[in-house]
Amino acid sequence: MIFLFLSSGLFLGWSLGANDAANIFGTAVGTKMVRFKTAALIASVFVIIGAYLSGAGAAHTLGELGAINELAGSFTVAIAAAFTVTLMTRLKLPVSTSQAVVGAIIGWNLFSGFAIDYAALTKIVSTWIVCPILAAIFAALLYKLSKILLPKLNIHLLRMDAYTRVALIVVGAFGAYSLGANNIANVMGMFIHSVPFQDIQLSQVLTVSTAEQLFILGGLAISVGIFTYSRRVMNTVGKDLFRLSPITAFIVVLSHSLVLYIFASEGLRNWLVANNLPPIPLVPVSSSQAVIGAILGIALVKGGKNIRFGVLGKIASGWVTTPVIAGIVSVFFLFIMQNVFDQAVYRSAENVVWEQKHNSNEIVDISCVSKTILYEEVYGDLAILKNAELKKK
Amino acid sequence: MPILFKLTKMIESQIEAFLNEVSVSALEFRKALACYLKDDNEGFMQRLQSVTESERKADALRLEIEKQLYMRTLIPENRGDVLAILENTDDIIDTIKDTLMEFSVECPQIPTDLDDSYLELAEASMQSVEWLIKAIRAFFKEFYLVNELLHKVIYYEKEADKLAVMLKRKIFQKDLDLSCKIHLRYFTFHVERISDASESVADRLAIYAIKREI
């Protein structure tokens, strides 16, 4: 039953692998610089590593927005996000999985009555806007740098080709790692508080937590997506959509990967905090929009000719339409799930505390126990408490 | 990966060898024509033999480079351009050989006072070839220099055109049989044609160099 409920998240993972791997290896495979099998293997391995090692940060931010506490609720939210992505793709509207997931979670908040954490929401939405802009800045700088440096190096065309192949593989691995780290939250983030997995003790020092188990599963789903369906997308992206030279593709993928990494790396965030610098929010961002931002950055440096500014408008409209549609779909699906299939899609915070204490045969007098302590005991996370308190206010 | 770098190095040296053969042919053409004008038949035949050998080697190298580029799907973005450069440059060496071969077969009777004009025309034509070879080398390694070098190719091609016109005027002002005049004009055209072939490659190279910019 658990895996049935997880299937919607795994489907999101498959879809992510099928589509977003093309952002990393599209040009390399489309132009035959890198063989598909090599690209798929590297992308799969590094997506899983990225998800396992660095997936927690962005997932935690999604948890702040809404810690879905029933498995059926998580399933419905994921299926609502997936449905929205499919629907908008069919309607040829710009769509991002990250934005659909956030909209679906907000839908769950509205349906369950949990208050929306507007601070977390503002953080997430501002990141969506910053993501393509930052990618454009990185790409523009890297492009300028390569324009200055490459002619001075006097590298033979053929040797440059060999270096570019190696660079595309290395940056592709980094891109896959960043994609796994940043976007795993979209795939499995909504299940973290609801899935009844136990921590697995592999050795005295190595324990695989519930979240990590989910991230590995999600990573595997992404890998399956890469191997089963991304070849066509890579060829389309590499040959038709973005016809980039291999060196430009390297710059675009590197810029995209840096942006995704910045918004996923707890290490970088901790370093910034330790050096009294403003921390970067860890938020799942759109891989495709980072790529578009990077391409636009290069186009602007080249003089801004042939830029279709309508594309920018479409991206900006997606920041609003995607979450709104996903939110509406999510509320509708949650209603169906609760009232037609008779599945609990959420539990109130008070119920959770009571159930936990009741099961352990403790006499509970909530009124004399600090709510903070109780909620922390149950969730190990203050997100739900925060929601409950916001709701009270 | 080491295999890729080894292969790359091998093709780089093959391209260098190919360009060297074309360059050697241009040098040999000048010497061969000088020998022909001095009635040094043995010297001329040696030079012709050398050019024929260079043409054969260049053909073999070009085929091998093309095979490797296709088989290993190297330089996907520039492969078509590189193959076009090699094929068109190969046409130049073919033209050089054909011209010398025609000298050897038809043995045109060139009046002594036209010797210098023919040598000057050959010099301008060969200069255009040599600058083209430099431009092709730059295309592979220092593409930002290509336009500067192509400028010289165009200059020598125009120079060859001018010299050819002057030479033809001289030929037709001479008191010779019309058949002889036409024969000499034909050889003027052949020597000049080598610089035209260089210009044709130069025109393409200018476009390919733009494509090479990131």
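Q: How many helices and strands make up the secondary structure of chain A?
A: This is a predicted model, in which local features need pLDDT of at least 70, side-chain atom pairs count only at pLDDT 80 or more, and totals for chains, interfaces and linings use all residues. Residues are numbered from 1 along each chain as its sequence is written, chains are lettered from A and ligands numbered from 1 in the order in which they are written, and side-chain values use heavy atoms, leaving out hydrogens and water. With helices taken as DSSP runs of H or I of at least four residues and strands as runs of E of at least two, numbered from the N terminus, chain A comes to 15 helices and two strands.

Q: What percentage of the residues in chain A is buried?
A: Chain A has 393 residues. Those that are buried (under 20% relative accessible area, 1.4 Å probe, protein chains only) make up 53%.

Q: Which residues have the most contacts inside the largest nonpolar core?
A: A nonpolar core is a set of buried Ala, Val, Leu, Ile, Met, Phe, Trp, Tyr and Cys residues joined through side-chain atoms within 4.5 Å. The largest has 93 residues. Apart from it lies another core of 72 residues, including A:Leu158 and B:Phe44. In the largest core, the residues with the most contacts are A:Phe25, A:Leu65, A:Val102, A:Met190 and A:Phe191.

Q: Which residues does B:Leu33 contact, leaving aside neighbours within four places in sequence?
A: B:Leu33 is found in helix 1 of chain B and is buried because its relative accessible area is 0%. Taking contact as heavy atoms within 4.5 Å, B:Leu33 meets B:Phe103, B:Tyr118, B:Leu119 and B:Ala122.

Q: How much area do chain B and chain A bury between them?
A: On chain B, 25 residues are in contact with 26 residues of chain A. Buried area is the accessible area (1.4 Å probe) that two parts lose on being put together, summed over both. Of the area buried here, 68% is on carbon and sulfur atoms, and the total is about 2,200 Å².

Q: Which residues form the salt bridge between chain B and chain A?
A: The count between the two chains is one salt bridge (a side-chain nitrogen of Lys or Arg within 4 Å of a carboxyl oxygen of Asp or Glu). The closest N and O atoms are 3.0 Å apart, and the partners are B:Glu12 and A:Arg159.

Q: Which element gives the most to the side of chain B that touches chain A?
A: Two or more residues come from each of helix 1 (2-37) and helix 4 (115-141) of chain B. With seven residues, the element that gives the most is helix 1 of chain B.

Key
Buried means under 20% relative accessible area, exposed over 50%, partly exposed in between (1.4 Å probe, protein chains only).
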